[in-house]
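Reader: I would like to go through this structure with you. Could you take my questions one topic at a time?

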Amino acid sequence: MIQIKNLSRVFRTEELETKALSEVSLTINQGDFVSIMGPSGSGKSTLLNIVGLLDSASNGSYQLLNQEMIGLKEKEKSKARKENIGFIFQNFNLIDELSVYDNIELPLIYNKVSSSVRKEKVLAIADKLGILHRLKHYPQQLSGGQQQRVAVARALINDPKIILADEPTGNLDSKNGNEVMELLTDLHANGATILMVTHSDYDASFSQKTILMKDGMILSEKVNNRNVDVLVTESKN
Amino acid sequence: MLKNWITIFLYHLKNNKLFAALNVLGLAIGIAGLIFALLYWNDEQSYNAWNPEKEKIFQVLVEMADGKVLANQPPILKSLLEQDPEIETILFSKGDYVNDRIYYNEKSVELDKIINVQSTFFSFFPFKIIKGDAISALKDETSIAISEDIAKRVFGDENPIGKQVKVFYGMFVVRAVYQIPGNSSIAPELLIDRIGRDFDSNKVQRDIFNFKVFLKLKDPSKAEDIKKKIEQIYYNELTLNNAKEQGITPDEVIKRDGRIKIILEPLSRARLHSVVDGYPEGRGNYQFLLIMAGLSVLILILSIVNYVNMATANAIKRAKEVGVRKIVGASRGNIISQFIFETILMSSFSILLGLVIVELGLPYYNEFLEKELIIKGSEFYLQLLVIFMITVMVAGIFPAVYVSNFETLKVLKGNFGRSKSGVWLRNGMLVLQFSIATFFIIGSHIVYQQVNYLSNKDLGFKGDQVMSITFTPPASDYYQEAPLLQNIFNRYITIKRELSKIKGVEQASTGIVKFGDGAMSSNVAYKEVNFQGQNMAVDFGMLDMMKIKVIKGRGLDEKFASDTINSVIINETALKMMKEKNPLGKEIELLGKKLKIVGVVKDFNLFSPEDQVPPMTIFHATSFNMSYSAIRRVYVKLKGDDMENTIADIEKLWASKVNTEYPFKYDFVDKEYARTYETYVKQKNLFSLLNIVVIGIALFGLFALASYSIQSRMKEIAIRKTLGAETNTLLKELSKQYILYCAIGFLIALFPVYYLLNKWLENFAFRIDMTVFPFIFGFIILLILTLVIVLSKAYQATKTDVLKYLKYE
């Protein structure tokens, strides 16, 4: 699904060059749940942003669904993004001025989905994520966990091919954080492809594979054993 | 999508009520200003536009040697032009409108716009004939045509065709009723054709200029040839004749009198681009029209700039929203559309509010322009649509593009509120606002000074407490053979005697003159010198009453018998032109009669104070026979006390002794005179009003911008404060950039203000010099207003809680 080869990203200011990513190669297959870890400045967010088509690479190749993404115009990127990618952020990034319903509906509007289908889909996903009773509320009226659920609902509403999560539990207490991680695990169990950046070993342990980054390079890749399954009531795979 | 946009829009509207309201109001005022200007513009431009002949009709104007242009022509042109194959038709008309009452059975209606024209009138001005027909409308001297409005007022529902009415001195038959299709340079209420009779009575004096002449050419491009032909006619009939009579060569006549030039002015240019008031409806004031249009465009620009500034500043608050929208799939186009959509909504509110303002202000505006403008017409709504689209484009596209260029990543990482992006745009616009404000502050100051100068100028006469009463003897006094014309003068003498009996009347006299409007114009000759003089026939006491100073010799006096026959007084300007050191006792020639100079008066303003004082002669009304019939006004000086009763007494006298039918009309000379520069007083008032509006809008813009910009610097302020900065230092730090913008804006406006105002001042023969004072004053005012706004905002900022901004990250 995602093939990254020798990807580099250089930030230039007048005086110095900083290599945020150097020659990174990575493959993510359909149905994978991969987490990226590393200290701050290791390039993990940059990598996620490039995968999410929010940032562009200086060198190398990035194929999404066998289509080269490097060098695409803004308009094409925007199209590829809205068709294939769902985002979940640490700070939720909900629009405060819109109700929960309107927030979730937004991607469908930009994908030109008809109003009746939109309603159906929003209600379905809200039901699935247990926020049906919150649809009329505004983001500020919800708890952090609930806000992140709304953000997840928004990320999922378009049936994206891949979900990108940037420290999804970073702003949440452990109880709410756990809920969100369980949600992601559920999604994965139902076949979603997820790429997650995190600081937390605990969160990473929910994923199948953890990539460790430092100084813009991939240090190691390790496959997680499923010892956390104890905490999850139903069995995975 | 729309619903989503509207939700967000309403949310922001609710949370920024004050700014949104001020923004809409600002834009509405800008749009209203433009609509006002547009209504005026459309009205002026529509003059004669309906007339299909407008490019083929020309008025014959004469430019005299001294550059004065006259619209009146001598009757000799008629026979000589009639044979010309290039001319389709000719129309002679007798001067301006006259007024009289029209009688039908028991009913009578006062008419102000009666005009005496040839029967060819309707082929020049094809009014829509609703009753009767154009061909027989003026078929003989007893036929008249009347306007639809008059027909209704006189006849009600009756059919006026064939009915007999009484006007002036006799009976007439109504042959046609017409409707004028649009604004027309000639828009009479009643048409009458007595030109033939006037030609006959003018046979003796073939070169008296008293007809307006219009030509309809077969081919308008031949106008130049016709013009040359008429110049040739003038040469043959005037120059050659004069030369023969005076026994000199034609070249000497030209050398002495100058050459007469002809101007053929197409009807299409008559309203706004004419050199002279050749039509009874007069000219439009093109300069004032341009000023109105220019100022209103400036104000609209100002309010659009305000809108753009507010929108971009506000957009920072919405950066997150834009970022999120982009993440979930909005393209740049989507974002731009959304923000333009918001501008469309705001502009729609503004345009509606603008229309409300126009509707409410229209009566005052009409009074101001002395027009009857109404909001109507498909053309107007089309223009309104164009204004709307331009407003949306200019006001909407800047902020929309600006917002759509936000970098998603930066926005979502936060801290965007302190972004420097777009600051140059906002500051540039701020400078533009300062420029426009400078323009208005300085401009209105100079206009104010000039108009003040005019109204306080020593006019050379004193018109306060002097009534100028319209003197209209009954029609029977006119239309008598020449010797009996004395009727009118005799009637005046009687009235004068009666007036002196009224308690409260200090003095009464007459003069064939209207202050501000002029006297009789004709050639004055002294030895080799000729000039076009303003010649004022007066009764004894007139100069004394008007406090016109005699500086040499004496005024006219009853004691001298010769003063009613051949004594004349000249003014300083005339004296200068005559180049005569000892004028007393010398003779000048006027209208074929020799007059002896007995005195010289100090120059006084006869025309509007913007004009030069013309050379003048003053003589007793009985010196020339024709003066009798020209008495139109009686001047009465009142004593200071109990003027109300005095005026009532005079009115009674008028009703019984002057004309029982004509209403009593009077004005005070000083007020009547002030009307000559009324348009400038209006321009002054307009400028002052707009000045307030402009400064209001600009200050609001500055206030909003300063609020946002200081808000975005709160962290900096907090850090400076923790490091020990004092309030004074902070205030200086925060306000210095605005002082800089203020100065730049001021400098940019300097040249346009200087240039345009100088151009405006060129209208005046008597004008102020542009000093540096209004400029310094303008800058200080601008600076003070800026500082008040910025410092109050900055002071607020320095007093806020430091911790709030330091903890934020």
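This is a predicted model: local features need pLDDT of at least 70, side-chain atom pairs count only at pLDDT 80 or more; totals for chains, interfaces and linings use all residues.

Reader: Let us begin with overall dimensions. What box do the C-alpha atoms of chain B fill along the principal axes?

Author: The box is roughly 105 × 60 × 60 Å. Chain B has 809 residues, of which 38% count as buried. Its secondary structure comprises 25 helices and 23 strands.

Reader: And the contacts in chain B between residues at least 6 apart in sequence: what share joins residues at least 24 apart?

Author: That share is 83%.

Reader: Which domains does the assignment give for chain B?

Author: Domain 1 takes 1-47 + 281-421, and domain 2 takes 59-232. Domain 3 is made of 424-456 + 674-809, while domain 4 covers 473-661. Between domain 2 and domain 4 of chain B, the C-alpha centres are 31 Å apart.

Reader: Which residues of chain B does the UniProt annotation "transmembrane region" cover?

Author: According to the unreviewed UniProt entry, the annotation covers residues 20-41, 288-308, 339-360, 380-403, 424-448, 686-710, 738-757 and 772-791 of chain B. In the model, residues 288-308 of chain B are 100% helix, with 30 Å between the end C-alpha atoms. Residues 339-360 of chain B are likewise 100% helix, and their end C-alpha atoms lie 31 Å apart.

Reader: Now Lys17(B). Is it buried or exposed, and why?

Author: Lys17(B) is exposed, because 10 other C-beta atoms lie within 10 Å, and the cut-off for exposed is 12 or fewer. Lys17(B) belongs to helix H2 (residues 17-45) of chain B. Its C-alpha atom is separated by 76 Å from that of Asn487(B), 470 residues away along the chain.

Reader: Turning to sheets, what is the strand order in the open sheet of 4 strands in chain B?

Author: The order is E14-E22-E13-E23 in chain B, with antiparallel pairing. Strand E14 (505-510) and strand E23 (666-668) of chain B are the edge strands, each pairing on one side only. From one strand to the next, the twist averages 25 degrees.

Reader: How many bridges hold E14(B) and E22(B) in their pairing?

Author: There are 5 bridges between E14(B) and strand E22 (residues 633-638) of chain B, in the antiparallel sense. Within that region, Ser509(B) is opposite Tyr635(B) in E22(B).

Reader: Which helix packs on the sheet there?

Author: Helix H16 (residues 486-501) of chain B does, touching E14 and E22 of chain B. The direction of H16(B) makes about 170 degrees with that of E14(B).

Reader: What about E15(B) and E16(B): how many bridges join them?

Author: Strand E15 (residues 520-526) and strand E16 (residues 529-538) of chain B run antiparallel and are joined by 7 bridges. Ser522(B) is placed opposite Gly533(B) in E16(B). The hairpin has 2 residues between the strands, and Lys527(B) takes a positive phi near 50 degrees in it.

Reader: How does E16(B) run relative to E21(B), parallel or antiparallel?

Author: E16(B) and strand E21 (residues 616-620) of chain B run parallel, with 5 bridges joining them. In E21(B), Phe619(B) is the bridge partner of Ala537(B).

Reader: Let us move to the contact between the chains. How many residues does it take from chain A and from chain B?

Author: The contact takes 21 residues from chain A and 19 residues from chain B. On the chain A side, helix H2 (74-84) and helix H3 (100-110) are the elements that give two or more residues. The residues on that side divide into 9 nonpolar, 4 polar and 8 charged.

Reader: Finally, chain A. Are the residues of strand E3 of chain A buried or exposed?

Author: In strand E3 (residues 33-37) of chain A, 5 of the 5 residues are buried, so the strand is largely enclosed by the rest of the structure. Phe33(A), Ser35(A) and Met37(A) lie on one side, with Val34(A) and Ile36(A) on the other.

Reader: Which residues stand opposite Val34(A)?

Author: Val34(A) has Leu195(A) opposite in E8(A), and Lys209(A) opposite in E9(A). E3(A) runs parallel to strand E8 (residues 193-197) of chain A, with 4 bridges. The pairing of E3(A) with strand E9 (residues 209-214) of chain A is also parallel, over 4 bridges.

Note on methods: Residues are numbered from 1 along each chain as its sequence is written. Chains are lettered from A and ligands numbered from 1 in the order in which they are written. Domain bounds come from an automatic or database domain assignment. Two strands pair if DSSP finds at least two bridges between them. Axes are lines fitted to C-alpha atoms, for helices over the stretch in contact, and angles run from 0 to 180 degrees between N-to-C directions. Two residues are in contact if their C-beta atoms, placed from the backbone, lie within 7 Å. A residue is buried if 20 or more other C-beta atoms lie within 10 Å of its own, exposed if 12 or fewer, and partly exposed in between; C-beta atoms are placed from the backbone. Ala, Val, Leu, Ile, Met, Phe, Trp, Tyr, Cys and Pro count as nonpolar, Asp, Glu, Lys and Arg as charged, and the others, Gly among them, as polar. UniProt positions are given in the numbering used here, feature names are shortened, and annotations may be inferred rather than shown by experiment.
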